[in-house]
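Here's a quick briefing to read alongside the model. Have the sequence and the 3D view open as you go.

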Amino acid sequence: MSENFVAPGQQRYLRACMVCSIVMTYARFRDEGCPNCEEFLHLQGSPDQIDSCTSQVFEGLITLVDPAKSWVAKWQRLDGYVRGVYATKVSGQLPDDVRTTLEEEYRITYIPRDGSATEAD
C-alpha cells in the first residue's frame, strides 16, 4: 500500500473521482488515470478531464484493503472496486456529456456521490 502514501505537503493536491470516489493526487490521476473508471472517463494525461471529473472538495476517508469482503464497501457502493482510499462524499457535478456517455454507451447509472441520492432528469 506504499504506492498510496501521500506526503503531508502534498495533501492539498488530493482529488476524488466523482464516479467512484477514489482519492488520489492530481499527479496520479494524470499519470495513471482512475483505476476504476479509466475505461470511460479517460483521465490519464488529460488535465481538462481531471478538472471536470474529479473534485478537490470531499468529506471523510475510507481505506479499503479488501472491498469484496467489506461491509463498509457495500454500504458506500464500493464493492468491486480496487483497494485504496475513498471519500465518503464528493462534491461537484459530472459534466452532462460524460454522464450521457456513461448512461448510453456503457449502461452505467450514475449516482452522485455528494449525498443527494439520485437526481431526476
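Predicted model: local features only at pLDDT ≥ 70, side-chain atom pairs only at ≥ 80, totals over all residues.

The largest nonpolar core has 28 residues, and the second largest pocket has a volume of about 160 Å³.

**The core**
- Cys17, Val19 and Leu41 are the core members that touch the most other members.
- Strands 1 (14-17), 2 (23-25), 4 (58-64) and 5 (84-90) each put in at least two residues.
- Helix 2 (38-41), helix 3 (47-53) and helix 5 (96-104) likewise each supply at least two.
- Leaving aside residues up to four places away in sequence, Leu41 touches Cys17, Val19, Gln49, Cys53 and Val98.
- As a general point, nonpolar side chains tend to be buried together in soluble globular proteins.

**Helix 5**
- Val98, Arg99 and Leu102 are buried in this helix.
- Those three sit on the same side of helix 5, because they cover an arc of only 100 degrees around the axis.
- Asp96, Asp97 and Glu104, on the other side of helix 5, are exposed.
- Helix 2 and helix 3 are what the buried residues of helix 5 pack against.

**The second largest pocket**
- Its lining includes Val19, Asn36, Cys37, Phe40, Arg77 and Tyr81.
- Also among the lining residues are Ile108, Thr109, Tyr110, Ile111 and Arg113.
- Sorted by class, the lining comes out as seven nonpolar, two polar and two charged residues.
- Val19 turns up in both places: it is one of the core members touching the most others, and it also lines this pocket.

Methods
Residues numbered from 1 in each chain as written. Heavy atoms only, no water. Core = buried A, V, L, I, M, F, W, Y, C linked by side-chain atoms within 4.5 Å. Buried < 20%, exposed > 50% of the residue type's maximum accessible area, 1.4 Å probe, protein only. Helix = DSSP H or I, 4+ residues; strand = E, 2+ residues; numbered from the N terminus. Contact = heavy atoms within 4.5 Å. 1 Å grid on protein atoms, 1.4 Å probe; cavity = no way out; pocket = protein on both sides within 12 Å on 5 of 7 lines; lining within 4 Å. Points joined across faces, edges and corners; volume = space filled by probe spheres on them. Nonpolar A, V, L, I, M, F, W, Y, C, P; charged D, E, K, R; others polar. Arc of directions from axis to C-beta.
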